[in-house]
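Trainee: I would like to learn how to read a protein model. Please show me the structure and take me through it.

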Amino acid sequence: MATMKSLIGLINKIQRACTVLGDHGGEGMSLWEALPTVAVVGGQSSGKSSVLESVVGRDFLPRGSGIVTRRPLVLQLHKTDEGTTEYAEFLHAPRKKFTDFAAVRKEIEDETDRITGKSKQISNKPIQLSIYSPNVVNLTLIDLPGLTKVAVEGQPDSIVQDIENMVRSYVEKPNCIILAISPANQDIATSDAIKLAREVDPTGERTFGVATKLDIMDKGTDCLDVLEGRSYRLQHPWVGIVNRSQADINKRVDMIAARRKEREYFETSPEYGHLASRMGSEYLAKLLSQHLETVIRQKIPSIVALINKSIDEINAELDRIGRPIAVDSGAQLYTILELCRAFDRVFKEHLDGGRPGGDRIYGVFDHQLPAALKKLPFDRHLSTRNVQKVVSEADGYQPHLIAPEQGYRRLIVGSISYFKGPAEATVDAVHFVLKELVRKSISETEELKRFPTLASDIAAAANEALERFRDESRKTVLRLVDMESSYLTVEFFRKLHLEPEKEKPNQRNAPPPNADIHSDNHFRKIGSNVSAYINMVCDTLRISLPKAVVYCQVREAKRSLLNFFYAQVGRKEKEKLGAMLDEDPQLMERRGTLAKRLELYKQARDDIDAVAWK
């Protein structure tokens, strides 16, 4: 069987580690909550401080009027070998040993003020204090602010409820042992500690009752009904305590001497002499330590089960956020390339339809391009007046004889030039969609979230590649437009002349066609012919422009978005590769915390296995 020292000492060690790592809760029960603790509860001036100091054997707690304990004090007692020096350590100052317990009191006051200020406010952030002494038993106690009924000057009206809520948050935990402190010179029915303990532990199986100030009860009265369990029965025996008098406190009477004086009081007391063997602060400490050891042993299976569950959860989260990467350059390069491929997969899913976004490119071709083509100002360019102007300027000083070929060519080339605007706008619209898909793909690639520097580098390289694809696409679509201008489809106009004109009733005696070459009808006919040709070109470009854009931008983005980046990465030195894998500081901190917590849980499990079943 494990010794009491080893088992409770182990729990103290685990509790301290939990506090260091902030493992006080979250979803489900934390390890801290699963470990049994003793919470000291009592009203103001009930003698809580005196009980704790008697258990420790040292005068170290702040004293004064009103609310003195304004933050929970987690007090871990570690029994050391006889003859060793007593000292104390605070969790917030781990490398500093306090051998002067007056300095311990001062540090508790100062650390309280660091959080709450010089006001009389309270805070639920605990102070962690460990005391190593041959005069204590292995035990963990939590000193909580004293319950009160009235707010004093400088305190908010909610202070009464705030304190009760804080105390309740500790004592309602099923693994908390309640040490309910009640002054013997007050009616036990009015005890704040007993009232709260009854609410959270109605069966009394977790509650130890302590009656203080037995020596200052009114003459002729005693506390036997309480101590013998007749006034309020608990499953554990009540313990009476004789507090140090204020005169003893002022004279700084040695706590060891105070313990001896307390023993003498009970041994010589006519009322309590028969209970002397189970009265006093020394007995209380041993009783609590023995009970705590029993509870710990009972809770070991559930504690180990919680530890195993927590280990599995931490491993799962580490797998999700990524394990630490290797330090050699080959592994780093491999990691970078794998992350690039992960991004590339997400990007292609957007383009090919596995994820939303690629359909917007089709929208550019099916809606934006046709709408832009319809808005081109051909009506203005091929108006009768403009056609006459262009044709006339094309003929120079000699009018055309049959067909104004130069005029036709100028009108057609001028009209085709309008297609450059929609062509370039289509290129830019698809470029914008591709850039947005790169941004979304970066954010949706889970593996990249831990490496913001690499994510930024990939985004920059991808956008740089898209710029190159856009430039090439712009050149290509403008070539397509220029190709339509460079060689006109002659057959189109030959067909116009071969088509027999429908004879109108009044045309039988009409003048020959070349007789009205300067009439509006003539220029309207030219404009109509050119418009028909431009419509044919428009239909061609409506089909060929999307093909060019897809070929130069979309296809290249799928095939070679990061090719240039791969070549650059392959030439980088180890230091630069490491810089690219510089993780998000918050994620690194999170992984570090998880790793420490995982180490804590594994060590706790091993330690429990090592001592629990001996």
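Mentor: The protein chain contains 22 helices and 9 strands; helices (H or I, at least four residues) and strands (E, at least two) are DSSP runs, numbered from the N terminus. This is a predicted model, in which local features need pLDDT of at least 70 and side-chain atom pairs count only at pLDDT 80 or more, while totals for chains, interfaces and linings use all residues. Residues are numbered from 1 along each chain as its sequence is written, and side-chain values use heavy atoms, with hydrogens and water left out.

Trainee: What percentage of the residues in the protein chain is buried?

Mentor: Buried means under 20% relative accessible area, with a 1.4 Å probe and protein chains only. Of the 614 residues in the protein chain, 49% are buried.

Trainee: Which share of the contacts joins residues at least 24 apart?

Mentor: Contact means heavy atoms within 4.5 Å. Among contacts between residues at least 6 apart in sequence, the share is 81%.

Trainee: At what angle do helix α5 and helix α6 pack?

Mentor: Axes are lines fitted to C-alpha atoms, for helices over the stretch in contact, and angles run from 0 to 180 degrees between N-to-C directions. Helix α5 (residues 159–171) packs against helix α6 (residues 192–200) at about 50°, and their axes are 11 Å apart. Therefore α5 is oblique to α6; angles under 35 degrees count as roughly parallel, over 145 as roughly antiparallel, 65 to 115 as roughly perpendicular and the rest as oblique.

Trainee: Which residues make that contact?

Mentor: Val167, Arg168 and Val171 of α5 and Leu196, Glu199 and Val200 of α6. They divide into 4 nonpolar, no polar and 2 charged, where Ala, Val, Leu, Ile, Met, Phe, Trp, Tyr, Cys and Pro count as nonpolar, Asp, Glu, Lys and Arg as charged, and the others, Gly among them, as polar.

Trainee: How do the axes of α12 and α16 cross?

Mentor: The axes of helix α12 (residues 359–374) and helix α16 (residues 420–444) cross at roughly 155° and come within 10 Å. The two helices are therefore roughly antiparallel to each other. Residues in the contact include Phe365 and Leu369 in α12, and Val430 and Val433 in α16. By class, this contact has 12 nonpolar, 2 polar and 2 charged residues.

Trainee: Which phi does Lysine 213 have?

Mentor: Most residues other than glycine have a negative phi. Lysine 213 is not a glycine, yet its phi is positive, about 60°. Lysine 213 lies in the loop between β8 (207–212) and α7 (224–227).

Definitions and conventions: Buried means under 20% relative accessible area, exposed over 50%, partly exposed in between (1.4 Å probe, protein chains only).
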